[in-house]
Amino acid sequence: MILSVAFFVLVALAFFREYDSEWAPYEKHFRLILEQHNRIDDARRFSVGIKQIWNPEMGVVDRCVTCHLGYDWGSVLPASLPQPFTPHTALPYLEKHPFLRFGCTPCHGGQGWATEKVAAHTGGEHWDDPMISTEVAGRYQMTMGQMVQMRCNFCHRHDLSTQGMDQINLAKQLFKKKKCLICHTVEGKGGMVGPELTFHGDKSPELLDFSHVTGDKTMFNWDYQHLMDPGKVSPGTTMPTFGFKPEEARALTMMLLSWKHLTFPPQYIPSPIEVAPLQVVHLPAEAPNVPGAEDGRKLFQTRGCNQCHTIGAGKLIGPDLAGVGSRHPADWLRGWLADPSAMIRANPDLAKWPDEFGGIVMPNQNLTPAEINAILAYLQKV
Amino acid sequence: MRDQFLKLWEKLTWSWAPRSERESGEAIVQNLWLHWFPAKVARRSMSWNYSLYFGVAAASLFLILTVTGLLLMLFYVPATSEAYGDMKDLQFAVSFGWLLRNQHRWAAHGMVLVVYLHMARVFFTGAYRGQRFLNWIIGVILLMATLLLSFTGYLLPWDQLALWAVTVGTNIAREGPVVGDTIRYLLLGGTEIGQNALLRFYVLHVFILPVSVWIMFGYHMWRVRKDGGMAAIEPLKFARKAEPKQPSATKSYSLFGLTRGATVQVLSSTELEEKDLAFSSPDLTRRIVVVFLLVFNVTLLLSLLSNAPLEEAANPALTPNPAKAPWYFLWLQELVASTTIGIGSYRISGGLIGGIIVPGLLLGVLAVWPLFDRSPRSCEGVWFAPERRWQNITFAAITVVIILLIAVGLGIRGPYWRLYWPGQPWPQMPRVL
Amino acid sequence: MNTTRRRFLEFLGKGAVFAAFLAQIAAAGRALLPNVLYEPSKRFKIKRPDEYAQGYTFDANNRLFVIRNENTFHVISAICTHLGCTVQWRGQSQEFACPCHGSLYRADGTVIGGPAPRPLPWFEVTQAPDGRLEVDTGTIVPEGFALNAKKATA
């Protein structure tokens, strides 16, 4: 008898939980809003139920619109309506991204499948694609409008510059100006001193070393802090400190994180707006043979010196080293090879030197004394 | 009109609520569902204290699993491109989808636990002796089938939890000598866990294994009748001083003509006294319904309180940290992770030792244990008979070790397989944003 | 017919049926072992030799490491031999570490510690006619294998 009553109660609870959904009150409220704004016919036709935007081509199943019912009513309902009813902000490019084709999550992130607020916005413990909210953007000192541009670049990666994506446009300019491709490979072009960046956004955060990163262990933090001070995040790295401003590093981080594998049908690929021209990158030439300095020549090539310096082929990142043995005494060269930054600090007349080379200081290569000797022997003969 | 309805109702339900001893007897013979019970059953067999009704609970859970499973099949497509999305739909979009899935999962966990408890009860009451040995073997097979059902079902959501739990499991299979690789190839339908594996596990999980379990369950029940009833009656028989009457050579039931014997009613009615017996309908049937209701309520309550987990979509390129097997296999994973032996430069894989040899040995010993039980027959059907003390202690000790290993795997193993005591926070795992 | 001949013919008949029955079961079993797999090919091309930096490069898609030493190459699997997790390369300590159960391997794939039963296998790597490196994860080569890549520039 007790069990039967308990049974009844539990089933009743189940029904209660099912029908006490988060979204139903919002939908009923929206009907009221429609009536208040004199859309009687629409209010009458409005039916309460889970709504979704489904586009299998893009893999979009977005139930955000179950609560965010005002998204398409921008021409009728005021922008002052509280969330979740607020109509979508009128943006110049919305026409090119119709809701029924793109849904919400391609631009905003989040868990489209969900019909509950927390699950939809942050996704919970097992969802690594949170909605780009004011709170998430605020963690990295950005506005939502700035951080969303990261997702724009998922598709607009190959544009040279895109309207409405000022942060990403800045990042693309910096990428070209600082010649990142000298050391990194992107889409088949570039150098191999640093890791390939073509699909940097797909890399797993768990494979990164966070021991020198402050704050939350996020890939954004790692990339940002690495860009600001490579030597601190990756001790012993040959990546120079470029002296980026924080906003520049943030923009670059967003661009890097936007480089992901995304497959969508050709009709979704945007026609490139001023396609980024293929940057011409010289593959480092073989260092010239010099009798009696084979060890040094090998080191010159395997330690990456030839990524930044040519011998007889002109300035690259750093100066052409042909004849450098006659321009600087052995001791000077030895000191430079050991610690370039210390040399600049010690010699005031070298202070302006980095300006000739795009503000880049030669990073410390962490050479052993034996290696320095060998390279020195080679350089004195070229 | 009302009279006609009442008459119909009477016709349909009389056998469930018999009003006389004659009706009780008739109920068993005339009702399909009740025909597998004897007309009369020993009170001791029916007692709550004796069997704790674990077997009935296990069967109830299996019924719940079958029904919820059948309904879930209407929402699930065993394709790697669809499976995860279907799980998300069940979580958010299907009315009562959360209830279906939660109840299915809780009943599954519950069944593994209850089947084990049932086996423990049978062991502690020494109810596997003599002619009941065959039923014991069937029970062991049912235990394995339960674990396999749970394992195959685990893969179906196609999330990280599913993919990697099955990766661990099938890599252990590969360590089996000689045929290990072929078995893994057969199980997965390939060398990787992909669409073929999902489909094979699905067919195993929704048809091959459940049907086998239902058939074996039927046989398991039939054996109880054939063995004269539950072992609880053995002390009653033992206590009787009078000579048992000769059973009359009337009908005999057999399976493919392989077993022989007189009907159970004939046997038990000659060996047990009237005062020890009660009518199956309504006494036993009522208790079974009570147990079913209790079990159903528990699964409902748990479903309301706790949601079945669903992790990120399966990603073969990223191993979650830590990657854990389902709880009932965690003790095996602990063994596997710690039993790799190095003899000189030759290493014997923990997968072989902890994953195949140890559980294989345990299962084998479990299966043949009744043959080596030399305690007197008076121990049958008695809880914790003193003569069987060492056997009971061994069983209990092994159970405790298994529980401890599971507890370690559940609560103490953290990322990188390091140990984190309760209260010690896990290191924050890196995220993207 | 006399009885022995009858018995023999009976035996033949039952035997034939039984054998055919067995053969059908064997056929069902054989059908379950696939002949074609919808899995990526075990033999595939990776990049050109000069597109790899010196030292250890992790190929996440193919779960392997490409190791370059001047102009010689070899490829080591990144799949832990214990239970299949992806190992990580620690450049500082020059070893492979598996996050799942703590297996540790030296730079050449041999086991230092943890539950791994076998060293990380080396896959055969050759140079395809178009100059790209080609890996065969179905062929394991002994340690010490090295491919001298032609037209590889430093």
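Backbone features and a surface patch

Lys179(A) sits in the loop of chain A that runs between helix H10 (166-177) and strand S3 (185-186). The model is a predicted one. In it, Lys179(A) is not a glycine, yet its phi is positive, at about 55°. Its relative accessibility is 43%, so Lys179(A) counts as partly exposed, a class that lies between buried, under 20%, and exposed, over 50%.

A positive phi also occurs in chain B. Phe384(B), a residue other than glycine, has a phi near 50°. Phe384(B) belongs to the loop between helix H16 (350-372) and helix H17 (389-412) of chain B.

Next come cis peptide bonds. In chain A, the bond from Gln83(A) to Pro84(A) is cis, and its omega is near 5°. Pro84(A) is part of the loop between strand S2 (60-62) and helix H4 (99-102) of chain A. In chain B, Ser281(B) and Pro282(B) are joined by a cis peptide bond with an omega of about 20°. Pro282(B) is located in helix H14 of chain B, which covers residues 280-305.

The surface of chain B carries a further feature. Leu63(B), Val67(B), Leu71(B), Leu74(B), Phe75(B) and Trp214(B) make a nonpolar surface patch of about 540 Å². Helix H5 (residues 54-73) of chain B gives the largest share of this patch, three residues. Val67(B), one of the patch residues, is placed in helix H5 of chain B. Val67(B) has a relative accessibility of 44% and therefore counts as partly exposed.

How values were computed. Residues are numbered from 1 along each chain as its sequence is written. Chains are lettered from A and ligands numbered from 1 in the order in which they are written. This is a predicted model: local features need pLDDT of at least 70, side-chain atom pairs count only at pLDDT 80 or more; totals for chains, interfaces and linings use all residues. Side-chain values use heavy atoms; hydrogens and water are left out. Patches are made of residues with over 30% relative accessible area and no salt bridge: like charges are joined within 9 Å, nonpolar side chains (Val, Leu, Ile, Met, Phe, Trp, Tyr) within 5 Å. Accessible areas come from the Shrake-Rupley method with a 1.4 Å probe; for residues, only the protein chains shown count as cover. A salt bridge is a side-chain nitrogen of Lys or Arg within 4 Å of a carboxyl oxygen of Asp or Glu. Helices (H or I, at least four residues) and strands (E, at least two) are DSSP runs, numbered from the N terminus. Buried means under 20% relative accessible area, exposed over 50%, partly exposed in between (1.4 Å probe, protein chains only).
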